[in-house]
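This report goes through one structure step by step. Please look at the sequence and the model below before reading on.

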2 protein chains.
Amino acid sequence: MATTRVSTREAVLAAVRLFAAEGFDGTTMDGIAAATGVSRRSLFRRFGSKEDLLFAEHDELFETVVRYMEASPEPPTATVVAAARLVFQGYVRDPEITVPRYRLVRAHPRLRDREVAMTARYQAAFSRFLAQSTGADRPSLEVEVVAAAVIAAHNHVLRGWLREPGDTRVWDRFDRAMSRVADLAEPLLGGGARREAGRERVLVAVYPSDSDPSDLLRRVSEAVEGDR
Amino acid sequence: MATTRVSTREAVLAAVRLFAAEGFDGTTMDGIAAATGVSRRSLFRRFGSKEDLLFAEHDELFETVVRYMEASPEPPTATVVAAARLVFQGYVRDPEITVPRYRLVRAHPRLRDREVAMTARYQAAFSRFLAQSTGADRPSLEVEVVAAAVIAAHNHVLRGWLREPGDTRVWDRFDRAMSRVADLAEPLLGGGARREAGRERVLVAVYPSDSDPSDLLRRVSEAVEGDR
DNA sequence: CTGGATATGGCATTCGGTGCCAGGGTAGGA
DNA sequence: TCCTACCCTGGCACCGAATGCCATATCCAG
């Protein structure tokens, strides 16, 4: 009919608005069909279900992220962190959808479950990618823990932003959280490979919390240089 | 009618058998009502939905686990690990339900999402518990990462068992995985507690012997400055 | 025994979701 | 240009999950 087919984003946006106005259960697919100009039947065909419609935008992002990982030349951990960054960006760049959706998700357990399922898909994709990039057929314990940690850190920062979308330091928070997790992942994944080569070293420092950081660094520096 | 009301477990078991025989979508609530002797209307009242019925047993376990954590005298990390052990036991001790359910879950994305939602509830409960036991109002990044890691380890071992329920060394695997994660959690949480107490701090770094010393120092610097 | 609270079952209705078929628009080949 | 095969859309009918309403049964306290 209309030569321009309604885009996914337009449909999601219309649905989000209706949900916000009438409530999720109070909105029928007939209503969404009327609002978008797409027939009820076609809505189901394209988006599967009422819940899926709310997350359709996100599903497309998922595909993108998976393809990104497969094409990335970076080392595995860095690739996964970058992938998480893509996901995060997917939220931050489109607050018009993600913020009201977050309100819906908080209010409706069923929608919460649906969003949790999304992050679980990412976690599974991360696990699979890390596993395959180490040549394993199945994700190891370490790989799954790292994937879970990356997702947890992502969600932690994301929830903070969703509560206060105006926060300008989101990306700073995100990077800090990720480098924190990456440091955690390093000994788990990279360490595994190096352990076989028997080359890793361990540094342990115990110091009072009111130490002068620069003094501490000097001491660490001496320790590292000293026994090489 | 019957003086003995049908137990949750009986209902779940009957439902699982029907699902296995007729498929999940091929089984109607009328069919389950007939098989259990409970009216269709009462099934919905007690279990909420067809999906929830499949996991009703598990929902009860969740309540138990939460109460257990609140009453546990052990330190936080040990309590969470013990809680995960309770969950694991919930699966292992009842293969008659959990194993066929796993087959259903693998085949039906919707059911998979529902199970993922269960583990997410546990993860959230663990996070909340760890946060409150450190006196925080909101779970910190570290707390959420630890909770995610515990859940990931639990699920990793669990999936292995679900694939081969006959495996007798499950508990050994479970304990190994958990101690692995607990070692990871120690510096993250224990360090946090000591930090608040204003006592000494511990820095642990694992690095390849051919690292660039200045790069190493930069990372140490970030770690020291980053969380003060 | 009685009155009230609670659990159960039947009934009717809404609405999400699906299979089926018809119409229209498009690309590709003769 | 015309025909055809194909795909996308919309309308229709139907199934079944889920809920509200009301009548009835069960149980417990008084």
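## Chain A in outline

Chain A holds 11 helices and 1 strand; helices (H or I, at least four residues) and strands (E, at least two) are DSSP runs, numbered from the N terminus. Read from the N terminus, its elements follow the order α-α-α-α-α-α-α-α-α-α-β-α. The model is predicted: local features need pLDDT of at least 70 and side-chain atom pairs count only at pLDDT 80 or more, while totals for chains, interfaces and linings use all residues. Residues are numbered from 1 along each chain as its sequence is written, and chains are lettered from A and ligands numbered from 1 in the order in which they are written.

Chain A has 228 residues, of which 32% count as buried. A residue is buried if 20 or more other C-beta atoms lie within 10 Å of its own, exposed if 12 or fewer, and partly exposed in between, with C-beta atoms placed from the backbone. Among contacts in chain A between residues at least 6 apart in sequence, those that join residues at least 24 apart make up 60%. Two residues are in contact if their C-beta atoms, placed from the backbone, lie within 7 Å.

## Helix 1 and its surroundings

Helix 1 of chain A has 15 residues and should span 21 Å at 1.5 Å a residue, which agrees with the 21 Å between its end C-alpha atoms. The expected span is 1.5 Å times one less than the number of residues. Just after this helix, Gly23(A) takes a positive phi of about 85 degrees.

The buried residues of helix 1 of chain A are Ala11(A), Val12(A), Ala14(A), Ala15(A), Val16(A) and Phe19(A). Their cover includes helix 2 (29-36), helix 4 (50-54), helix 5 and helix 7 (95-107) of chain A. The axes of helix 1 (residues 8-22) and helix 5 (residues 56-71) of chain A come within 8 Å and cross at roughly 140 degrees. Axes are lines fitted to C-alpha atoms, for helices over the stretch in contact, and angles run from 0 to 180 degrees between N-to-C directions. Thr8(A), Arg9(A) and Val12(A) of helix 1 make this contact with Ala56(A), Glu57(A) and Glu60(A) of helix 5.

## The nonpolar core

The largest nonpolar core has 105 residues, and Ala149(A), Val150(A), Ala149(B) and Val150(B) touch the most other members. Such a core is a set of buried Ala, Val, Leu, Ile, Met, Phe, Trp, Tyr and Cys residues joined through C-beta atoms within 7 Å. Helix 9 (residues 141-163) of chain B gives the largest share of this core, 15 residues.

Leaving aside neighbours within four places in sequence, Val150(A) is in contact with Val80(A), Val81(A), Ala84(A), Phe126(A) and Val181(A). Ser179(A), in helix 10 (residues 170-197) of chain A, is 29 residues from Val150(A) in sequence and 9.9 Å from Val150(A) in space, C-alpha to C-alpha. Ser179(A) counts as partly exposed because it has 16 C-beta neighbours inside 10 Å.

## The DNA strands

Around DNA strand C there are 14 residues, and Ser49(A), Lys50(A), Ser39(B), Arg41(B) and Ser42(B) come nearest. A residue is near a strand if its C-beta atom, placed from the backbone, lies within 6 Å of it. Helix 3 of chain B provides the largest share of this surface, 3 residues.

DNA strand D is surrounded by 17 residues, the closest being Ser39(A), Ser42(A), Thr28(B), Met29(B) and Ser49(B). Here the largest share, 4 residues, comes from helix 3 of chain A.
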